[in-house]
Amino acid sequence: MAGRFAPRPARPARPARTPGAVVPGPARSPEGLRRRWTPPEGGYDLGLTLGPLRRGPGDPTFRAEPGGAVRRASRTPAGPGALRLVARGGGVDAEAWGPGAQWLLDHLPDLLGGSDEPDAFVPRHRLLVDALRRRPGLRLCRTGLVLESLIPSVLEQKVTTVEAYRAWRLLVRAHGEPAPGPPLASGEPLYVMPDARTWALIPSWEWHKAGVDAKRSSTVLRAVRVARRLEEAAAMEPERAAARLELIPGIGPWTSSEVIQRSNGAPDAVTVGDLHLPGIVGHALADDRHADDAAMLELLAPYAGQRHRATRLILLSGRTPARRAPRMPVRDIARL
């Protein structure tokens, strides 16, 4: 389920001090390429817009810095790049580093929701009217990159988010590369995810140590072997993009929807097959916490063309059914 929460600002790290020691300040940033983007009139929320791109609070490719700045690293067609974004004065200031810096800045408006059309959404339920009023700055991002959303989505198949986030974190840190640009204010490194060849060369025991079973790792391996063809889907209409992704065994409607919501900015891509989403939508719109996919799609029918936006607003409304069962246990297959 993409984008339930906005990124939580990171706490500034406190360097260890010894008596009489001088704590050094942050290193001076090497100059990067810069661009300023001004969103269309109306509210704009940088955190909500980019929130779906963060895979957990420890995502090594994404950091929310103190003061509201966002840093993220991507592997672009031009090479690795890093981007720092700050919302100020009614616009967003961006600075980019690395071989992929120009590509990131060229695609900045799409990433920040510039190609989104929020006015196409007409709320028909009181809950959505209220959610839209309280979250006027929500825009749907479009990264233009498929693999960076596909791999973590595959890792999230049939497991808890805790397990999936841990796997993504361990694999990217072990096999990715440090992101270009200055260090984070916290001193933590930012990473660019591995390229397709590196993913393909990760040995089976490394997947196992990260808690990824053979089914999911095999799906990733099948996907990276045709990475170039999959990346072409970012320029397709959402339906065609989903169909191309689903040609890969192990990628079904749940995974393809999670990907094109991010890579294509698809406002109508509904995440079907999710364990929790039908009950959340049913509870919010019809007081039916036992709704299935069919009931969810029926409830969302008035929002055809904007069903993903409707579910984002429902998730952001906070109206979710009370938990009545224990959480799914976290499995540690690395111990098997």
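This is a predicted model: local features need pLDDT of at least 70, side-chain atom pairs count only at pLDDT 80 or more; totals for chains, interfaces and linings use all residues.
Me: How many residues does helix H9 have, and what does it reach from its first C-alpha to its last?
Reply: Helix H9 covers residues 214–225, which is 12 residues. The span expected at 1.5 Å a residue is 16 Å. The model comes close to that, reaching 16 Å.

Me: Which residue has a side-chain oxygen within 3.2 Å of the backbone nitrogen of Lys215?
Reply: Look at the start of H9. The backbone nitrogen there belongs to Lys215. The side-chain oxygen that reaches to within 3.2 Å comes from Asp213.

Me: What covers the buried residues of H9?
Reply: The buried residues of H9 are Arg216, Ser217, Thr219, Val220, Leu221, Ala223 and Val224. Their cover includes helices H5 (147–155), H7 (196–201), H8 (204–209) and H10 (227–231).

Me: Is Arg72 buried or exposed?
Reply: Arg72 sits in strand S3 (residues 70–76). Its contacts beyond four places in sequence include Leu53, Phe62, Leu83, Leu111 and Leu190. The relative accessible area of Arg72 is 7%. The cut-off for burial is under 20%, so Arg72 is buried.

Me: Which side chain makes a polar contact of 2.8 Å with Arg72?
Reply: Glu148 is one of the residues that Arg72 touches. The polar contact is between side chains, at 2.8 Å. The partner is Glu148.

Me: How far apart in space are Arg72 and Pro60?
Reply: In sequence, Arg72 and Pro60 are 12 residues apart. Taken C-alpha to C-alpha, the distance is 8.6 Å.

Me: Why does Glu95 count as buried?
Reply: Glu95 lies in strand S5 (residues 91–97). Burial needs a relative accessible area under 20%. Glu95 is buried because its value is 10%.

Me: Which side chain makes a polar contact with the side chain of Glu95?
Reply: The Glu95 side chain also reaches a backbone nitrogen, that of Gly32, at 3.0 Å. The side-chain partner stands at 3.3 Å. That partner is Arg34.

Note on methods:
Residues are numbered from 1 along each chain as its sequence is written. Side-chain values use heavy atoms; hydrogens and water are left out. Helices (H or I, at least four residues) and strands (E, at least two) are DSSP runs, numbered from the N terminus. The expected span of a helix is 1.5 Å times one less than its number of residues. Buried means under 20% relative accessible area, exposed over 50%, partly exposed in between (1.4 Å probe, protein chains only). Contact means heavy atoms within 4.5 Å. A polar contact is a pair of N or O atoms within 3.5 Å; within protein, one must be able to donate a hydrogen and the other to accept it, and residues adjacent in sequence count only if both atoms are side-chain atoms.
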